[in-house]
Every structure is written in structure tokens, then in C-alpha cells.
There are 4 protein chains.
Amino acid sequence: MEFNSNKSIYLQICDSICDRVLAGELKDQDRIQSVREFGAEIGVNPNTVARSYEKLTDDGIIYNKRGIGYFICDGAREQVLAEQRKEFLEVEWPAIKRKMELLGLSPDQLD
Amino acid sequence: MEFNSNKSIYLQICDSICDRVLAGELKDQDRIQSVREFGAEIGVNPNTVARSYEKLTDDGIIYNKRGIGYFICDGAREQVLAEQRKEFLEVEWPAIKRKMELLGLSPDQLD
Amino acid sequence: MEFNSNKSIYLQICDSICDRVLAGELKDQDRIQSVREFGAEIGVNPNTVARSYEKLTDDGIIYNKRGIGYFICDGAREQVLAEQRKEFLEVEWPAIKRKMELLGLSPDQLD
Amino acid sequence: MEFNSNKSIYLQICDSICDRVLAGELKDQDRIQSVREFGAEIGVNPNTVARSYEKLTDDGIIYNKRGIGYFICDGAREQVLAEQRKEFLEVEWPAIKRKMELLGLSPDQLD
DNA sequence: GTGGTCTAGACCACC
DNA sequence: GTGGTCTAGACCACA
């Protein structure tokens with residue numbers, strides 16, 4: 001995990017958790033590490049991890065049991081999948097295609 | 001010119017100039033607008049435009065003639081092209097491929 | 001800190017930091033003052049200090065930890081040394097030699 | 001003559017004329033080109049050349065015969081020599097020595 | 001006219 | 001608290 005990129009740390013943490021959900025590493029009702037544990041593990045301020053968990057909670061990916069910890073919501077994988085697909089197809093892919101055209105690259109050459 | 005709020009204005013100005021170079025609108029030795037002109041035209045502070053020009057100068061896309069203005073470097077188009085291709089192929093495309101895999105999308109479906 | 005009026009302040013700040021790195025005062029991973037602290041200390045606008053830090057970052061002398069501050073890069077001393085030696089040997093020294101010739105001075109007389 | 005350096009053009013012109021005086025190319029009472037001729041030759045605005053001539057006149061290196069042109073002063077070479085030697089010995093050389101020390105270079109290695 | 005630099009002050013995201 | 005960005009306005013050297 002690289003934190004010197006131009007993306008904010010808390011968003012990178014969100015991404016990494018979403019990726020693990022998508023990959024099936026984290027399943028419904030799995031508990032994720034506490035903000036303190038996770039922060040210590042990756043060398044990040046617990047406040048920052050907390051902010052990530054807050055965002056994921058807002059997005060309905062994880063939920064909090066008070067005093068116990070954070071857990072993956074039921075159907076989280078499907079939700080992440082749907083959300084990211086929509087984002088990808090409607091926003092990212094068109095931009096990528098436009099850029100590849102400008103650069104004179106075709107998708108065929110790349111795969 | 002419309003500004004996307006999640007990217008800094010000065011970088012968007014750089015991008016727009018690079019795009020115009022790529023598209024062939026700006027050719028070697030063409031003069032670009034003064035920081036004041038351009039700033040007034042797009043409703044941005046001249047200092048912000050100056051910051052863009054400074055970056056483009058560092059990148060070897062434009063150069064300054066003292067007291068006269070900024071001009072497109074010889075070979076700017078090739079350089080922008082090479083730079084952006086490298087960036088795309090080495091950084092962006094791998095990330096895109098990874099993401100598409102995670103999302104269960106294949107390039108074939110998209111074109 | 002005293003500023004020489006025929007060189008811009010932000011470059012003099014860069015120089016002073018490089019000098020401190022060369023002298024071993026600032027070592028790898030040392031944190032340098034925040035732009036506000038340093039600005040207040042030397043009586044300069046924080047923006048000006050920020051500009052210096054930005055340049056040093058581009059030069060790979062320091063790096064930024066988001067929300068924390070600026071730190072000396074590993075190997076910064078060696079890099080500054082190599083860079084300045086190269087500049088001196090390839091650009092400055094030949095000019096000095098030429099000038100001494102024109103002035104009829106020889107290095108032997110001077111040391 | 002390269003004008004993209006960080007030194008102002010009019011000062012570079014002064015330097016080049018002083019160098020030619022030092023080298024003996026320009027002798028007492030030689031006429032130098034008109035601002036227009038010289039400007040056209042080196043691709044510089046005549047105003048800029050005029051500014052150089054003005055400075056050299058102030059410095060007593062050249063003088064103006066109204067309607068005729070600019071000429072090298074008697075004893076110009078000696079004067080330039082004395083002036084530059086003083087500047088070099090008192091200001092530049094000490095700075096150079098200091099820098100070489102910092103960079104771990106000795107004059108002996110360089111000649 | 002051109003750009004280069006600096007200041008002051010503001011707002012923001014982030015840690 | 002940190003830096004990042006932007007604005008407004010100023011002064012300067014230079015062409």
C-alpha cells in the first residue's frame with residue numbers, strides 16, 4: 001500500500017477494502033479490523049482509518065455494531081459490483097476510449 | 001472552458017494546452033496567449049495561468065522568450081504523445097485491466 | 001537568514017536547505033519546518049516557502065507526507081552533491097577558467 | 001549567442017562586448033555596430049541593444065558621437081581588466097572556493 | 001507590452 | 001495541525 005500517491009489515504013483505504021470484497025476475500029458478515037489495529041498495521045493514523053470506515057458505512061458496504069466492530073453488509077459484493085460497473089461504463093470507459101483515440105492506441109493492441 | 005472541480009485549475013489548463021498540441025492546433029514555435037490574456041479569457045487569475053505555463057516549461061512543452069511571451073517547443077507534439085503513451089501503457093492501462101477483471105467486464109463487450 | 005536581492009527569495013530558501021543537507025545538518029527522513037513555521041521564522045510569506053518546498057519536491061530532495069509535513073528524502077545528500085558537482089564541473093568551471101584566462105589570472109596565484 | 005539563459009539579454013550583450021575588448025578584438029577608437037545593425041544581426045530588439053550601449057557608456061567603456069555611432073574609449077581594455085579583476089578576486093573567487101570546498105573538489109584536480 | 005516574484009488573505013481537503 | 005490552491009493586487013526587470 002503506497003500512500004505517496006496523489007489520492008487521499010482514506011480513499012485508498014476504501015478502495016482496498018472494496019477490492020477485497022470484490023475479490024471475495026471479505027464476505028458477508030465478516031468482521032474487519034478495528035481502526036486501531038488496521039491503522040497500526042498499515043502505518044496510518046486511526047482517525048484516517050475511521051474516516052474510511054465512515055464513508056464505507058455511508059455507502060452501505062459495512063456496518064457498525066457498537067462496541068464490537070465493523071462488519072461487511074449482506075450483499076456488499078453485489079452492491080459494490082453494480083455501483084462500480086455503472087461508474088465504469090458511464091464515466092470512466094468513455095474517457096479512456098477518448099484518450100486512447102487521441103494517443104493513437106487501439107484496445108486490440110493492448111490485450 | 002469548463003473546469004472540473006476535482007482537479008486543480010492550473011493542471012486542467014496544462015491539460016487543455018497539451019490537448020491542443022496533440023490535436024495539432026498548436027504547432028512548433030506558435031505563440032500562446034499571454035498569462036493576462038488567457039486568464040481574462042477563461043476567467044482565471046493570471047497567476048494561476050502563470051503557474052500552468054511554469055509547469056509546461058519545466059516539462060519542455062513550451063519555452064519563454066523574455067519580454068515577448070511563451071512559445072511551443074520544437075517537437076512538443078511528439079514529446080507529449082510519447083509521455084502520455086508511456087504513462088497510459090505503464091500505469092493507467094494495467095489499473096484499468098485489473099479493475100475490469102474485478103468487475104467481470106471484458107474489453108470485447110465494450111467496443 | 002539574510003536575503004540577497006539579486007536572487008529570488010524562494011530560490012535562496014532552496015539553496016539554504018540544500019546547504020543544510022550538504023552540511024549534514026538535515027539527514028534522511030528528518031522533518032523540516034512547516035511552511036507556516038519557517039515563513040514566520042524568516043519573515044517570509046508561507047506561500048513563498050511553499051513554492052520552495054514544491055521545487056525541492058520536484059528535485060527529489062524532500063517529500064511530503066499528507067497532512068504531516070515535509071521530510072528529507074533518502075539519499076538526498078548524495079543527490080544534491082552529485083547534481084551540484086555536475087553543474088559546477090560542466091557549466092561553472094569552464095566559464096570560470098575562460099574568464100580567468102581573459103583576465104590573465106592563473107589558478108596558481110590564487111590558492 | 002544564446003538568449004534563453006537566466007541572464008538578461010542586455011547584460012549578455014554587455015558581457016560579449018567586454019569580452020571582445022579584453023580579447024583585443026575591439027581596440028581604442030574602434031567603431032562598434034549601430035544598435036539597429038547589431039540588433040538585426042543577433043535577432044534582438046534595437047531597444048535592448050541601446051540599453052546595453054547605455055550601460056557601457058555609463059561604465060566608460062564606449063562613448064557616443066552624436067549622429068555617427070559608438071566608439072571604444074581610450075584605455076577601455078585596461079579599465080575592463082582592472083574592474084573585472086577586482087570583482088573576480090574580491091567577490092567571485094571566494095565564493096567559488098567556498099563552494100568547491102562544500103562539494104569536496106580541489107582546484108588542483110581541475111586544471 | 002511581457003513574465004517573475006512576493007504578499008496577504010482566503011478556503012479546502014486531509015491527518 | 002498540515003499542505004494545496006486560488007484570488008487580488010502590487011512591484012519589478014525586461015523587450
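Which element supplies the largest share of the surface near DNA strand F? It is α3(B), with 3 residues; helices (H or I, at least four residues) and strands (E, at least two) are DSSP runs, numbered from the N terminus.

Colleagues, this is a predicted model, in which local features need pLDDT of at least 70 and side-chain atom pairs count only at pLDDT 80 or more, while totals for chains, interfaces and linings use all residues. Residues are numbered from 1 along each chain as its sequence is written, chains are lettered from A and ligands numbered from 1 in the order in which they are written, and side-chain values use heavy atoms, without hydrogens and water.

I begin with the DNA. DNA strand F is surrounded by 25 residues, each with a heavy atom within 4 Å of the strand. Among the closest are Arg51(B) and Arg36(C).

I turn now to chains D and C. Here 22 residues of chain D are in contact (heavy atoms within 4.5 Å) with 20 residues of chain C. The rule finds 2 salt bridges across this interface, a salt bridge being a side-chain nitrogen of Lys or Arg within 4 Å of a carboxyl oxygen of Asp or Glu. One salt bridge joins Lys99(C) to Glu92(D), with the closest N and O atoms 3.2 Å apart. On the side of chain D that touches chain C, α4(D) gives the most, 13 residues.
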